[in-house]
Amino acid sequence: MRTITQLTEALFAKDGDAPVKVALPHTWNAQDGQDGEDDGAYWRGMGSYHLDLPAPIPGTRQYIEFQGANHVATVYCNGREIGTHRGGFSTFRYDLTEAMTEKENILTVEVTNAPSDVYPQMADFTFFGGLYRPVRLIQVPAAHFDLLKTGTTGLFITPHVAGLVRVDAFPVNAEGCTVRVDLCDASGTVVATGTAPAEAHTVLKLQVADPHLWNGRIDPYLYTAKATLLDGGDEMDEVTATFGFRSFHVDSNQGFFLNGKSYPLHGVARHQDRLDMGWAITPKEHAEDIALIQEVGANTIRLAHYQHDQVFYDLCDQTGMVIWAEIPFISRFNPSQAAHDNTISQMTELIAQNYNHPSICFWGISNEITIGGECEPLYQNLCELNALCKRLDPSRLTTMAELTMVPMDSEHVYITDVLSYNHYYGWYMGDVSENGPWLDEFHKKNPDRPVGISEYGAECILSWHSAKPENHDYTEEYQAYYHHEMLKTFAQRPYIWSTHVWNMFDFAADARDEGGCKGRNNKGLVTYDRKIKKDAFYVYKAYWTTEPMVHVSGRRFTDRAPGERTVTVYTNLPEVTLLLNGEVVGTQPAVDHAAVFAELPLQDGANTITARAGDVEDTITLNGVAESNPAYVLPKDDTKAGNWFVPEGEDAPGELEFIEGHFSINDKIGDILAHPVAGKILSEMFDRAGVGTGMMGMLSGFTLANMLKMAGKNMPASVPFALNDKLNKIAK
């Protein structure tokens with residue numbers, strides 16, 4: 001039988017440095033990939049790992065397994081080159097048998113996260129380098145289930161709700177052997193069994209009587225398939241897979257259906273990184289994430305923007321999440337043949353390695369890939385990916401995440417089975433109220449195309465607060481307001497097939513420097529360290545959960561001057577009673593899950609605020625103060641020094657000037673583009689840089705200074721000064 005050894009340490013060196021001992025999994029960007037320092041740069045290059053391998057077991061073959069190495073890895077055993085894998089998110093294995101010696105064996109892995117023709121080419125998140133998921137040595141008898149079958153176990157289960165189960169198994173070196181398959185229910189009882197002569201591709205068809213359906217979060221019931229390779233009466237190898245019986249479809253007017261019943265999909269998107277850990281996380285962190293997603297009441301997760309850990313897919317099966325799984329074909333299209341081939345290989349691996357998961361209902365082929373504009377090679381690449389999904393797995397639906405700027409009648413809208421848009425009205429552009437009319441217009445123009453929202457969100461940094469929140473003030477109050485408005489919008493439109501908040505958790509985006517927080521995207525409902533649930537988290541909990549809850553918002557907005565003393569309470573119960581310092585203030589109905597208590601008569605100093613709804617309550621403390629606390633307001637970005645534009649050691653080429661009533665690099669890109677003269681200057685710069693209308697739209701909420709900061713060392717030091725000088729000449 002097979003023996004599996006997880007390798008837990010290695011000697012690591014990067015770029016010629018002296019090697020140091022590290023624990024596996026490991027990333028070299030755990031710190032610099034999240035700090036936003038050095039103009040947004042983090043180290044992207046080659047890292048080398050040297051691992052001691054245990055002695056081979058006589059009579060076995062040895063395979064090395066990597067569950068994630070970002071993003072190109074070349075493997076050597078005892079100095080012999082074994083192979084190179086291109087793609088940072090899937091499992092891959094190599095046969096080491098012929099390179100192994102009887103005693104000491106050294107595995108060397110050269111991993112690079114430097115830019116190449118491997119996707120993602122560009123994205124708004126950190127590409128953590130290293131062997132960031134487990135590395136295992138697997139030893140098996142000569143006759144075994146194929147370990148080189150696209151990184152899978154060599155076992156594929158196709159269940160049908162009527163109880164028929166097709167099992168595809170791929171044994172090797174198994175002439176004269178038999179494959180036995182046992183199907184077990186959740187209690188471990190065998191409910192069907194069958195045998196067949198072992199062939200290179202062995203197929204068995206079994207029948208389960210009265211199958212218990214996998215029914216999402218209502219009842220995520222799982223079966224287990226166990227395949228055993230027998231040589232006479234001897235068991236040579238064994239692999240298992242969990243699976244579930246379920247059916248689903250999407251209706252363009254009524255949304256998602258699971259097992260024939262309406263099952264509206266409302267959920268979140270998730271990135272896998274964690275504060276001070278990057279991508280090198282453990283099952284403990286995965287379990288914490290799924291628990292928080294369960295708590296907020298989500299029933300679907302978009303696992304963005306790449307293949308996630310098998311541990312997390314298993315958790316999604318077990319908790320009943322409906323999953324959108326995708327590859328990192330994102331943001332920047334590379335027209336080379338090598339890049340095209342990489343999209344095909346990553347999609348093939350995603351589908352093969354996740355085929356058995358009942359939680360996965362949608363294969364995502366791309367995200368915002370038209371930022372640089374639409375073109376025929378890109379369209380053909382997308383069509384080929386869609387066709388590949390349907391050929392490898394006709395049982396699931398295909399989808400993609402489109403930019404707001406993709407026209408409603410673009411040919412890209414009709415590639416996949418269903419589609420969703422990433423809409424940021426109310427953050428990067430426009431007003432939150434524009435989301436509903438846009439959706440209605442799309443549905444009217446495309447009544448037979450199921451449409452969803454794959455991303456929407458607003459930044460929240462817990463330092464900033466306001467009684468009158470507004471777009472791009474980065475306050476906790478604006479984020480809560482924005483998400484409350486989005487939930488009202490969705491509640492009125494049952495035709496939306498799914499919604500996915502961007503994002504469940506804050507995550508690393510090292511090039512960012514926004515809202516006084518470097519190196520991070522702060523759109524999460526929960527902080528990067530998973531320790532604080534923002535007020536917006538409870539807006540969703542009020543809408544999505546049924547266990548009685550009540551939450552008084554604004555607990556970090558502690559100091560309240562007159563005019564700032566209104567309190568909003570979120571609940572899933574019909575009404576809320578509020579107490580101030582133990583005395584009842586009043587009772588309010590929870591309209592759209594919110595009860596608002598205007599301008600409370602706070603006393604000077606500390607005040608206790610308690611909200612009661614049914615049998616639950618929540619308490620916060622607010623301070624009555626005479627004047628607004630200026631520490632709650634994000635300081636305006638003062639770019640007069642200008643030195644952050646200039647490479648270290650150089651002097652600024654002049655002083656940045658800002659003339660009142662005139663444009664400057666401190667203005668938002670959207671405002672500049674809207675002006676006929678100033679917009680022409682900026683459009684010409686974008687054209688020279690190859691930035692398409694999609695990217696311009698996404699950047700519209702940023703100041704030009706912020707965008708130039710994000711460009712970092714790629715931006716010549718003279719450019720900000722030249723642009724600012726031109727804009728200063730144009731009156732608003």
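**Reading a predicted chain, from cysteines to fold**

Author: Let's start with a sulfur: that of Cys316 lies 11 Å from the closest cysteine sulfur, in Cys361, too far for a bond, since a disulfide is a pair of cysteine sulfur atoms within 2.5 Å. This is a predicted model, in which local features need pLDDT of at least 70 and side-chain atom pairs count only at pLDDT 80 or more, while totals for chains, interfaces and linings use all residues. Residues are numbered from 1 along each chain as its sequence is written, and side-chain values use heavy atoms, with hydrogens and water left out.

Reader: How many disulfides does that rule give?

Author: In general, a disulfide is a covalent bond between the sulfur atoms of two cysteines. Here the count is zero.

Reader: Is Cys316 buried or exposed?

Author: Relative accessible area decides it: buried means under 20%, exposed over 50%, and partly exposed in between (1.4 Å probe, protein chains only). Cys316 has 0%, so it is buried. Cys184 is buried too, with a relative accessible area of 13%. Across the protein chain, buried residues make up 59% of the 732 residues.

Reader: Where does His26 lie, and which residues is it in contact with beyond its neighbours within four places in sequence?

Author: Helices (H or I, at least four residues) and strands (E, at least two) are DSSP runs, numbered from the N terminus. His26 is in the loop between strand 3 (20–23) and helix 1 (37–40). Contact means heavy atoms within 4.5 Å. With those neighbours left aside, the contacts of His26 include Phe12, Tyr49, Tyr132 and Ala280. At 13% relative accessibility, His26 counts as buried.

Reader: Which helix holds Gln479?

Author: Gln479 is found in helix 7 (residues 476–491). Its relative accessibility is 0%, so Gln479 counts as buried. Leaving aside neighbours within four places in sequence, Gln479 is in contact with residues including Cys460, Asn522 and Lys534.

Reader: How many helices and strands are there in the protein chain?

Author: There are 13 helices and 42 strands. Among contacts with a separation of 6 or more, 69% come from residues 24 or more positions apart.

Reader: Why does the radius of gyration agree with a compact globule?

Author: The radius is taken over C-alpha atoms, and the globule rule is 2.2 Å times the number of residues to the power 0.38. For 732 residues a compact globule would have a radius near 27 Å, and the protein chain has 28 Å, so the two agree. Along the principal axes, the C-alpha atoms fill a box of roughly 85 × 65 × 50 Å.
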